[in-house]
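The sequence and structure come first, then my entries.

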Amino acid sequence: MASLASWGNELYTGKRSYPFTGKRNLWFAISAVLVVLSILVPIVKGGFNLGIEFRGGSEFTISKVVHSDIAAGEEAVVSLAPDHHPRVTNIAPNTMRVQTDKLTDDQTLQIAESLAGAYGVSKSEVTSTFVGPTWGADVSKQALIGLVVFILLVSLLMAAYFRTWKMSLAAIIGLLQVVIITAGIYALSGFEVTPSAIIGFLTILSYSLYDTVVVFDKVRENTAGFLDQKKRNFEELVNLGINQTLVRSINTSVVAVLPVASILFIGSYLLGAGTLKDLSLALFIGIIVSALSTLFVQAPLYSWLRHREPEVQAHNKKLAEYRMTSA
């Protein structure tokens with residue numbers, strides 16, 4: 001504990017420093033590669049694994065099952081509708097969910113009876129519903145509208161709060177990167193895209209913004225009046241701000257990701273609560289990517305956006321001459 005506190009103190013005073021801004025070209029290159037790969041993954045895989053809410057189809061819920069064998073549910077459907085590809089999920093203890101493409105009324109009745117026999121329950125324990133794809137289209141439209149409105153409001157608020165559009169631009173680029181990379185990893189996992197997953201993606205934006213504001217606030221404090229000091233140049237002051245908030249960023253991320261990890265790994269895999277996988281996976285990936293984006297992309301990007309400003313260049317030159325004469 002003492003060594004951790006000492007490490008944090010050294011970061012805050014500048015005695016110890018990690019080159020977040022000094023190696024920004026490397027971080028930008030890695031980020032660009034991840035973004036490109038995240039865009040290519042869904043293309044290579046033929047798109048996202050859309051849930052029934054987006055593609056439409058029939059859904060069966062079987063309660064009080066004797067066992068939770070996924071293969072039994074798949075066989076019960078395929079034996080009556082061989083051209084269908086059922087998705088069977090254990091959504092809760094003693095409860096199974098079976099999703100298929102759209103079925104006829106006769107097929108629905110036959111498959112419901114077959115599922116009852118496969119899971120050892122009475123017909124009354126099997127319920128069936130049909131979900132049309134138009135509902136998912138409406139959800140997607142509203143989510144896109146929400147994303148655009150959120151980004152516009154964030155741009156205006158950050159520009160007003162920090163009194164510079166360059167911080168706002170760096171933050172928005174980071175937000176978009178977080179969404180793209182999170183979506184790419186989500187697609188790679190093969191998890192279904194459901195309304196819960198969409199909610200998870202939108203929640204990530206709020207967390208990412210919070211982490212960004214914490215770091216940028218310290219950066220703004222450090223760079224205020226930077227022309228009047230001869231200790232560090234603008235880039236070094238930005239890097240100091242990142243290092244000073246590093247411990248807080250790590251602590252915040254760990255505290256945020258632990259309960260989500262509990263939901264994902266304990267709730268979903270050990271307890272079999274399948275309905276939690278989509279939401280928790282989106283949050284789990286997004287929280288980690290958001291924290292890394294703030295440290296390695298957004299703050300260094302802000303430094304890069306300002307490094308060619310005349311006053312920054314003049315101060316760098318003046319500081320370099322001062323250091324040479326003081327050596």
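The entries below cover the sheet, the helix across it, the salt bridges and the cavity.

**Ground rules.** I am working with a predicted model, where local features need pLDDT of at least 70, side-chain atom pairs count only at pLDDT 80 or more, and totals for chains, interfaces and linings use all residues. I number residues from 1 along each chain as its sequence is written, and side-chain values use heavy atoms, with hydrogens and water left out.

**Sheet.** I took helices (H or I, at least four residues) and strands (E, at least two) as DSSP runs, numbered from the N terminus. I called two strands paired if DSSP finds at least two bridges between them. I found 4 strands in an open sheet, ordered β2-β3-β1-β4, with antiparallel pairing. At the edges I noted β2 (87-92) and β4 (126-131), each of which pairs on one side only. The twist from one strand to the next averages 20 degrees; for angles, axes are lines fitted to C-alpha atoms (for helices over the stretch in contact), and the angles run from 0 to 180 degrees between N-to-C directions.

**Strand pairs.** I looked up β1 (residues 57-63) and β4, which pair antiparallel over 6 bridges. In this pair S58 stands opposite F130 of β4. For β2 and β3 I counted 5 bridges, again antiparallel, and N90 stands opposite M96 in β3. Their hairpin has 2 residues between the strands, and N94 there takes a positive phi near 65 degrees.

**Helix on the sheet.** Helix α5 lies across β1, β3 (95-100) and β4, and runs at about 30 degrees to β1.

**Salt bridges.** I used a side-chain nitrogen of Lys or Arg within 4 Å of a carboxyl oxygen of Asp or Glu. By this rule I get 11 salt bridges. One of them joins the side chains of E113 and K123, at 3.9 Å from N to O. E113 lies in helix α5 and K123 in the loop between α5 and β4, so this pair ties together parts 10 residues apart in sequence.

**Cavity.** I searched a 1 Å grid over the protein atoms alone for sets of points where a 1.4 Å probe fits but cannot get out; lining residues have an atom within 4 Å of a point. Grid points are joined across faces, edges and corners, and a volume is the space filled by probe spheres set on the points. I found 1 cavity of 30 Å³ or more. The largest cavity has a volume of about 50 Å³. I listed its lining as L227, Q229, K230, H315, K318, L319 and Y322.

Definitions and conventions
Contact means heavy atoms within 4.5 Å. On a 1 Å grid over the protein atoms alone, a cavity is a set of points where a 1.4 Å probe fits but cannot get out, and a pocket is an open set with protein on both sides within 12 Å along at least five of seven lines; lining residues have an atom within 4 Å of a point.
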